[in-house]
Amino acid sequence: MDLSSFGFFSSLRSDRSGQSFAVIGLGRFGRAVCSTLTKQGYDVLAVDSDELKVSQALLDRVVAHAIVVDSTQVVALKEAGILEQETVIVAIGNFIQESIITTLNVKEGGVPNVVAKASSEIHETLLRKVGADHVIFPEHEAGCNLALSLTKPGILDRLDLDADNSIVEIVVPEKFHGKTIAELQLRSRYGLNMLAYSQNGKFNVNPDPNTALMKGNAIVVIGTNKDIDRLPI
Ligand code: ATP
């Protein structure tokens, strides 16, 4: 089965080509963010205080624009054009003081969406206090995703709405094959609502209840994590 035709959440995000991004810090995490955004066609501005990191990123073509900037200096951030970006990713995990000052500078400079990488819980708390809109723990999230992909291989994509509720994209379970959406009674049997059905790589939002589900395709459902866990996947 070609899972590359799926990707409900990325299809929702695909109309955001006008978004502008800057990445501060070109460690392994920052470089991965840069190269993925660049491959998706976004124009990314990357900065690092270390000249070697900047030249290496340009040499490796992980990003088209990279300059040397000390992000603890507001003037330098302004001159580099960082404060004009819609989304700034503060990818400085191991230098807590620099990460906090940078996040404060970027937020106070008026950037609407600031995503910051944390290396510990106290780091996360501090980042939130200085205004980070999203804080991520890549190592923690990678560990959780690995465990889920090993135990629930039928889940193709997942959007956690909060600690208890999620939207998930799943492969149509064997048990659902040939049944219509109405016959499945997802709401009364599982407490879940179906948002979309994917056929031949195209999502049909609000599918007809008489549609018969076929294995190899995917469905997108919303519900509590407990109910999602009850699905036969
Ligand atoms: P790893 O590379 O181990 O995955 P990481 O991606 O979190 O970790 P860090 O070790 O935190 O990377 O470093 C991120 C980058 O941030 C480094 O390249 C470092 O030079 C850069 N950096 C640190 N302080 C500043 C600063 N004040 N301004 C700009 N860049 C900085």
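Student: So two strands pair if DSSP finds at least two bridges between them. With that settled, what is the strand order in the open sheet of five strands?

Tutor: The order is β7-β8-β11-β9-β10, and the pairing is antiparallel. Strands here are DSSP runs of E with at least two residues, helices are runs of H or I with at least four, and both are numbered from the N terminus. One caution before we go on: this is a predicted model, where local features need pLDDT of at least 70, side-chain atom pairs count only at pLDDT 80 or more, and totals for chains, interfaces and linings use all residues. Residues are numbered from 1 along each chain as its sequence is written, and side-chain values use heavy atoms, leaving out hydrogens and water.

Student: Thanks! Which strands stand at the edges?

Tutor: Those are β7 (155-160) and β10; each has a single partner strand, so one side of each lacks a neighbour in the sheet. On average, neighbouring strands of this sheet are turned by 20° against each other, direction ignored. The axes behind that angle are lines fitted to C-alpha atoms (for helices, over the stretch in contact), and angles between N-to-C directions run from 0 to 180 degrees.

Student: How many bridges join β7 to β8?

Tutor: Five, with β7 and β8 (residues 165-171) running antiparallel. As one example, Asp160 has Ser166 of β8 as its bridge partner.

Student: New topic, the ligand. Which residues come nearest?

Tutor: Arg28, Asp48, Gly93, Asn94 and Lys117, out of 20 residues around the ligand. "Around" asks for a heavy atom of the residue within 4 Å.

Student: And what polar side-chain atom lies 2.6 Å from a ligand oxygen?

Tutor: One from Lys117. Gly93 places a backbone N or O atom 2.7 Å from an oxygen atom of the ligand, and a polar backbone atom of Ser49 is 3.1 Å from a ligand nitrogen. The protein covers 87% of the 650 Å² of accessible area that the ligand has on its own; such areas come from the Shrake-Rupley method with a 1.4 Å probe.

Student: Where does Arg61 lie, and is it buried or exposed?

Tutor: Arg61 is in the loop between α3 (51-59) and β3 (65-68). Arg61 counts as exposed because its relative accessibility is 72%, where exposed means over 50%, buried under 20% and partly exposed in between (1.4 Å probe, protein chains only). Asn206, in the loop between β10 (202-205) and β11 (218-224), counts as exposed at 64%.

Note on methods:
Polar contact = N/O pair within 3.5 Å; in protein donor to acceptor, adjacent residues only side chain to side chain.
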